[in-house]
Amino acid sequence: MKQVNETIIPSLGLDLGGQKIWEGTARHWLAKLGYELKEARKGLYVDGHEWPDVVEYC
């Protein structure tokens, strides 16, 4: 919502007369565009100390 209000709308040259979009509106349109609200989980840690480029660099 903040990104849309502060960056995207002004970059498009739109003047909304000081109005801002609400969080619900942002969620609705993101869903229509195919985005899903998901919980961010920690990823898998990969130790790359044996990768060929790392071995060559060392």
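Is Arg 27 buried, partly exposed or exposed, and at what relative accessibility? Arg 27 counts as partly exposed because its relative accessibility is 45%. The legends below take up this residue and others in a predicted model.

**Figure 1. Overall fold of the predicted chain.** The secondary structure consists of three helices and zero strands, and the order from the N terminus is α-α-α. The C-alpha trace extends about 60 × 25 × 15 Å along its principal axes. The radius of gyration is 21 Å, whereas a compact globule of 58 residues would have a value near 10 Å. Of the 58 residues, 7% count as buried.

**Figure 2. Confidence along the chain.** The mean pLDDT is 83, and 98% of the residues reach 70 or more. Confidence is highest in helix H2, residues 23–32, with a mean of 87. It is lowest in helix H3, residues 52–57, where the mean is 82. Where pLDDT is low, predicted coordinates should not be read in detail.

**Figure 3. Salt bridge between Glu 23 and Arg 27.** The side chains of Glu 23 and Arg 27 form a salt bridge with an N to O distance of 2.8 Å. A search of the whole structure finds one salt bridge. Both Glu 23 and Arg 27 belong to helix H2, where they are four residues apart, or about one turn of the helix. Glu 23 counts as partly exposed because its relative accessibility is 43%. For Arg 27 the value is 45%, so this residue is partly exposed as well.

**Figure 4. Lys 32 and the ring of Trp 29.** The charged end of Lys 32 sits over the ring of Trp 29. Its distance from the ring centre is 5.7 Å. As for pairs of aromatic rings, a search of the whole structure finds zero.

Figure 5. Asn 5 is located in helix H1, which covers residues 2–11. Its relative accessibility is 12%, so Asn 5 counts as buried; the cut-off for that class is under 20%. Leaving aside residues up to four places away in sequence, Asn 5 touches Pro 10, Lys 20 and Ile 21.

Figure 6. Lys 2 is part of helix H1. Lys 2 counts as exposed because its relative accessible area is 59%, and the exposed class begins over 50%. Between Lys 2 and Ala 40 the C-alpha to C-alpha distance is 19 Å. In sequence, Lys 2 and Ala 40 are 38 residues apart.

**Figure 7. Glu 36 in the loop between H2 and H3.** Glu 36 lies in the loop that runs between H2 and H3. With a relative accessible area of 61%, Glu 36 is exposed. The C-alpha atoms of Glu 36 and Gly 24 are separated by 14 Å, and the two residues are twelve residues apart along the chain.

Conventions: Residues numbered from 1 in each chain as written. Predicted model: local features only at pLDDT ≥ 70, side-chain atom pairs only at ≥ 80, totals over all residues. Heavy atoms only, no water. pLDDT = per-residue confidence, 0-100. Helix = DSSP H or I, 4+ residues; strand = E, 2+ residues; numbered from the N terminus. Buried < 20%, exposed > 50% of the residue type's maximum accessible area, 1.4 Å probe, protein only. Contact = heavy atoms within 4.5 Å. Salt bridge = Lys/Arg side-chain N within 4 Å of Asp/Glu carboxyl O. Phe/Tyr/Trp six-rings, centres within 6.5 Å; stacked < 30°, edge-to-face > 60°. Lys NZ or Arg CZ within 6 Å of the ring centre and 35° of its normal. Rg over C-alpha atoms; globule rule 2.2 N^0.38 Å.
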